[in-house]
Amino acid sequence: MGWLSLAIWMPIAIGALLLLLGRESQVQLVRWIALIGSLVSFLVTLPLYRGFRLGTPEMQFVENHSWIARFNVNYHLGVDGISFWFVLLTAFMTVIVVIAGWQVIERRVNQYMAAFLILSGLMIGVFCALDGVLFYVFFEATLIPMYLIIGVWGGPNRIYAAFKFFLYTLLGSLLMLVAFIYLYARADGSFDILTWHALPLTGTEQTMLFFAMLAAFAVKVPMWPVHTWLPDVHVEAPTGGSAVLAAIMLKLGAYGFLRFSLPILPDASREWAWLMVGLSLVAVIYVGLVALVQQDMKKLVAYSSVAHMGFVTLGFFIFNDLGISGGLVQMIAHGFVSGAMFLSIGVLYDRVHSREISAYGGVVSKMPRFTTFALLFAMANCGLPGTAGFVGEWMVILGAVKFNFWIGLLAATALILGASYTLWMFKRVYFGPVTNDNVRKLKDINAREFFMLSVLAVAVLWMGIYPKPFTDVMQASVDNLIKQVAVSKLN
């Protein structure tokens, strides 16, 4: 079994094992198995970094075995510079989420931990799949554990939020499946994604396929105006669910644009780039304004995620190295920062049981260590230089200016909006006098929470101060993608 298969199936196998341990007397055992299992699953991904060859856009760590021979469906895995970091990010965030739910989750602990471990393996599968059917199976299978995480451990309106999440994402993906079947027929019975990259298609075919895939990927990102499911889901989801959703699951849609839309449909991507740029700018500016008026901390950060992901799609559809590389860096940085933001909100919610900004004030006087971490993550969310949040946004803005000055100027307003809604929330929650009895009773973070936030803080600062390892890995694949998009494939 190769390294990619281990990265996919090890957390799934450990999650399946946890489902067998359901007795109350086994709760501590379940937690330790989940933690050790997530750590081992993360360690399994580290040899990928050591063995990754720079300077080549070729797929690496390739595994290819026949799966459904009658329809030429293969178990085909591989990673390049575009997908590589998301494998490590997924495994890393799973460890953090397991630690975050250590004491917080008290009912059905085995099922909770199992859901996250299985979800981790499925999401890694999405980033590694090089067969269309395999990609679709992993892509859709991720809905099941996340649906259960929201619906079982979520808030009062969890069933509504879970159903909305499932319905939005499933309906969009059905059109993607139709597109895959069409490409299979056009490729003489091949589901190989790399074969699809070289497939000549007419302009009409490309346009129809582009919008079929857009239906799936835009909902998953989510892009405006199909973003409305995200705030509801974040508000109702447990803290770990919100962290994984923001840090990883939103990236599945953006990744789809790079793996399918741009290389397979370059002419349609260029033709409809104005639409994608326009929708991205609406997300960056309008959704940022919507975040300014939110009274719920989770909902504010949820709208913030939509705005930040708008930077990602903007970078992809300006077709230059700064834009696409910046979008990729922004995806990884957003994984660290948004996950940290939601986990910080979870620390407060576990103590006060309220997400309303008005329920707080003066938290710094009671939780100074925690406020230090929260300030760092807030600054990263604003795009402060020296943090992960700055690098990707700055690259996208530079790429946008190179593409069109006015588009770059509009994109840059997001830095102002991001600082406005983030600092507005931070000021009201952490500064000022203590006026709430619940805040007066607050105790600072414990050792478990300190460790969890410290690891995230290191990641946020490391990527902000020294992003070179991230950009070096992706550069050759980005250059190759730009060349693919530049070449017409009209049949």
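Predicted model: local features only at pLDDT ≥ 70, side-chain atom pairs only at ≥ 80, totals over all residues.
Q60 stands opposite V79, a residue of strand β2. Residues are numbered from 1 along each chain as its sequence is written, and side-chain values use heavy atoms, with hydrogens and water left out.

**The hairpin**

Strand β1 (residues 60–68) and strand β2 (residues 73–79) run antiparallel and are joined by six bridges. Strands count as paired if DSSP finds at least two bridges between them. Strands (E, at least two residues) and helices (H or I, at least four) are DSSP runs, numbered from the N terminus. Four residues lie between β1 and β2 in this hairpin, where N72 takes a positive phi near 60°.

**Backbone geometry in the loops**

Most residues other than glycine have a negative phi, and most peptide bonds are trans. With that in mind, here are some places to look at in the backbone.

| Site | Feature | Value |
|---|---|---|
| V221 and P222 | cis peptide bond | omega about -10° |
| W224 to P225 | cis peptide bond | omega near 10° |
| F319 | positive phi | near 55° |
| H353 | positive phi | about 60° |

P222 sits in the loop between α9 (203–220) and α10 (229–236), and P225 is also found in the loop between α9 and α10. F319 belongs to the loop between α14 (297–316) and α15 (321–352). H353 lies in the loop between α15 and α16 (363–366).

Is H353 buried or exposed? H353 is exposed, with a relative accessible area of 57%; the cut-offs are under 20% for buried and over 50% for exposed, with partly exposed in between (1.4 Å probe, protein chains only).

**A buried glutamine**

Q294 is placed in the loop between α13 (273–292) and α14, and it counts as buried at 11% relative accessibility. Which backbone oxygen does the side chain of Q294 reach? It is that of V290, at 3.0 Å. Leaving aside residues up to four places away in sequence, Q294 touches K299, L300, Y303, I357 and W424, where contact means heavy atoms within 4.5 Å.

**The annotated region**

The unreviewed UniProt entry carries the annotation "domain: NADH:quinone oxidoreductase/Mrp antiporter transmembrane" for residues 131–413. Such annotations may be inferred rather than shown by experiment, and their positions are given in the numbering used here, with feature names shortened. Over residues 131–413 the chain is 81% helix and 0% strand, and the end C-alpha atoms are 40 Å apart.

Key. Polar contact = N/O pair within 3.5 Å; in protein donor to acceptor, adjacent residues only side chain to side chain.
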